[in-house]
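Biologist: I would like to learn how to read a few features of a structure. Could we go through them together?

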Amino acid sequence: MTGDIHTPLVTSRPQLLEQLARPVVYDLVVVGGGATGLGVALDAAARGFSVVLLESHDFAKGTSSRATKLVHGGVRYLAQGNIALVREALHERTTLLRNAPHLAQPLAFVMPSYKLWETPFYGAGLKMYDALAGQAGLGPTEFLGRMQTLRCLPTAVADGLKGGVKYWDGQFDDARLALALARTAARLGALVINYCPVSSLLYEGGKVAGVVCSDAETGAPYEVRARCVVNATGVWVDELRQRDGQDCGQPVRPMVAPSQGVHIVVDRDFLPSDHALMVPKTADGRVLFAVPWLGKLILGTTDSPRQDLAREPAALREEVAFILGESARYLRRAPQAADVRSIWVGLRPLVKPQDDDGASTKSISREHTVLTSGSGLVTVTGGKWTTYRAMAEDVLRQCMHDRLLPHKPAGVTVSLALVGAGRIRNNGGLNAPQGLHSYGTEAPVVASLPGADAALAPGLSEAMVRFAARHEYARTVEDVLARRARVLFLDARLAASLAPRVAQLLAEELPGHDPQLEQFLELANQYATVPT
């Protein structure tokens, strides 16, 4: 899969599946194509390991496309005293921004203060945040007066406003970053395939020796043998762990307690600013963000326990009421249900404490956990997008510690630029709507394709749909409008109106393949519907 750095790889599915069918014993099979799995595959490929990554749906289909779009150190962890975690995340933040500047950029946040003690109290904590970042800082924390705060947040509630604190973190395009990880791993030799679910594990002498997977489009089965298998399926890791436990006759206790976060998207005129609003403690103690992103404003997020693991979880009425109600306390013109352009939900893999269940466990940090079963299945879950690269290093360290992989030095991804790394000047950054600038150094390639001048919507051309099908693994209308272009997440009704033409273009690019138009229209309706 390696090729010239300036020429995008062709992601022909028949060629990918032909390669998958070859009788090769790989060093590593990664199950799961979210942030964590893709990070592991990229790191392993960069170290020279032979790698296959298998994703049951599309890359970043689950949690990894539904983040709050923040690259951050975790201000709230300071209050918990988790200094090491904050320091690591702050340094990883800088690494991410450097390696993918077209997809991750600095963003200024303002905490408005309506009580006299809030500015000095939160300001002191954020000064510590700056100190922990050190040379990796993005800008100094500033204490703002009342008028300075209103200049940064022009639609904030002015009554009772005392001042504010301005600090810096980052924001990113999560789904496109996941795609960049996949495509960079492929450029380094990894075989990366979406829509290829793993159904079972292979064993030799009681040890995991590979996986059985299938092409979700045809049902054709494949056996993929490997020296090491990593289970990086996020909130769904317990499914593969349970299969492993049943095969080996060992009881397995669940690792994950899922929680859902709801995000609401409204027009930017509710907060026409390049600054994000951050409320560190809402009425019930949660954090509220109002984040400018790709021409819209994201409001969120909630944190509600769930018992199920739905692929497309729905927002609860009380969660939406909470976000809209809290927004009304801080924005002069409060968004109403009728103002919602899209509403989407992400499941978070919160890690349960593990007792002794017959497995060798290594807890890397409070945020993510790596565990090796008695049969040698390595599982990783928890964590957050910002630290995906450090998590990948932890996973490979565990694989080498357990002698599933030979030792190869870490650190190879610290300065590894991702596909497209670079920016086009005057693009407005991630606050501005998507457009050709979103492709970084690949923009000229996109502009050279048929339909470059045929706009489907602002920032989305027919050429971008063709590029998604030819070079970005897109198979369905949802792949294009949810994760290659982020229209579904920004304006669900607009996405629905574009879907028929996108389906036609995909039919031209992928003859004989079903672009799943009707399924997408149902999904768009869910994203457009506010629960009442």
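Biologist: Is Arg 403 buried or exposed?

Modeller: Keep in mind that this is a predicted model. Exposed means over 50% relative accessible area. Arg 403 has 78% relative accessibility, so Arg 403 counts as exposed. You will find Arg 403 in the loop between helix H10 (388-401) and helix H11 (443-447).

Biologist: What is the phi of Arg 403?

Modeller: Here is the general idea: most residues other than glycine have a negative phi. Arg 403 has a positive phi, near 60°. Gln 516 also has a positive phi, of about 60°, although it is not a glycine. Gln 516 sits in the loop between helix H15 (492-509) and helix H16 (517-528). With a relative accessible area of 32%, Gln 516 is partly exposed.

Biologist: And peptide bonds? Is the one from Gly 300 to Thr 301 cis or trans?

Modeller: In general, most peptide bonds are trans. The bond from Gly 300 to Thr 301 is cis, with omega near 10°. Thr 301 belongs to the loop between strand E14 (296-300) and strand E15 (304-305).

Biologist: Let's turn to helices. At what angle do H2 and H7 pack?

Modeller: Angles under 35 degrees count as roughly parallel. Helix H2 (residues 35-46) and helix H7 (residues 174-187) pack at about 25°, with their axes 9 Å apart. H2 and H7 are therefore roughly parallel to each other. The crossing of H2 past H7 is left-handed.

Biologist: Which residues make the contact?

Modeller: From H2, they include Leu 38, Gly 39 and Leu 42; from H7, they include Ala 178, Leu 181 and Thr 184. Sorted by class, the contact of H2 with H7 has nine nonpolar residues, two polar ones and no charged ones.

Biologist: How many aromatic pairs are there in the whole structure?

Modeller: A search finds 13 aromatic pairs. One of them joins Phe 59 and Tyr 473, whose ring centres are 5.3 Å apart. Planes over 60 degrees apart count as edge-to-face. The planes of Phe 59 and Tyr 473 are at 90°, and the pair is edge-to-face. This pair links distant parts of the chain, 414 residues apart.

Biologist: Are Phe 59 and Tyr 473 buried or exposed?

Modeller: Buried means under 20% relative accessible area. Phe 59, at 2% relative accessibility, counts as buried. Tyr 473, at 3%, counts as buried too.

Biologist: Which residues form an aromatic cluster with Phe 109?

Modeller: Tyr 129, Tyr 167 and Phe 289 form one cluster with Phe 109.

Methods:
Residues are numbered from 1 along each chain as its sequence is written. This is a predicted model: local features need pLDDT of at least 70, side-chain atom pairs count only at pLDDT 80 or more; totals for chains, interfaces and linings use all residues. Side-chain values use heavy atoms; hydrogens and water are left out. Axes are lines fitted to C-alpha atoms, for helices over the stretch in contact, and angles run from 0 to 180 degrees between N-to-C directions. Helices (H or I, at least four residues) and strands (E, at least two) are DSSP runs, numbered from the N terminus. Angles under 35 degrees count as roughly parallel, over 145 as roughly antiparallel, 65 to 115 as roughly perpendicular and the rest as oblique. A crossing is left-handed if the near helix is turned anticlockwise from the far one by less than a right angle, and right-handed if clockwise. Contact means heavy atoms within 4.5 Å. Ala, Val, Leu, Ile, Met, Phe, Trp, Tyr, Cys and Pro count as nonpolar, Asp, Glu, Lys and Arg as charged, and the others, Gly among them, as polar. Rings of Phe, Tyr and Trp (its six-membered ring) pair if their centres lie within 6.5 Å; planes under 30 degrees apart count as stacked, over 60 as edge-to-face and the rest as tilted. Buried means under 20% relative accessible area, exposed over 50%, partly exposed in between (1.4 Å probe, protein chains only).
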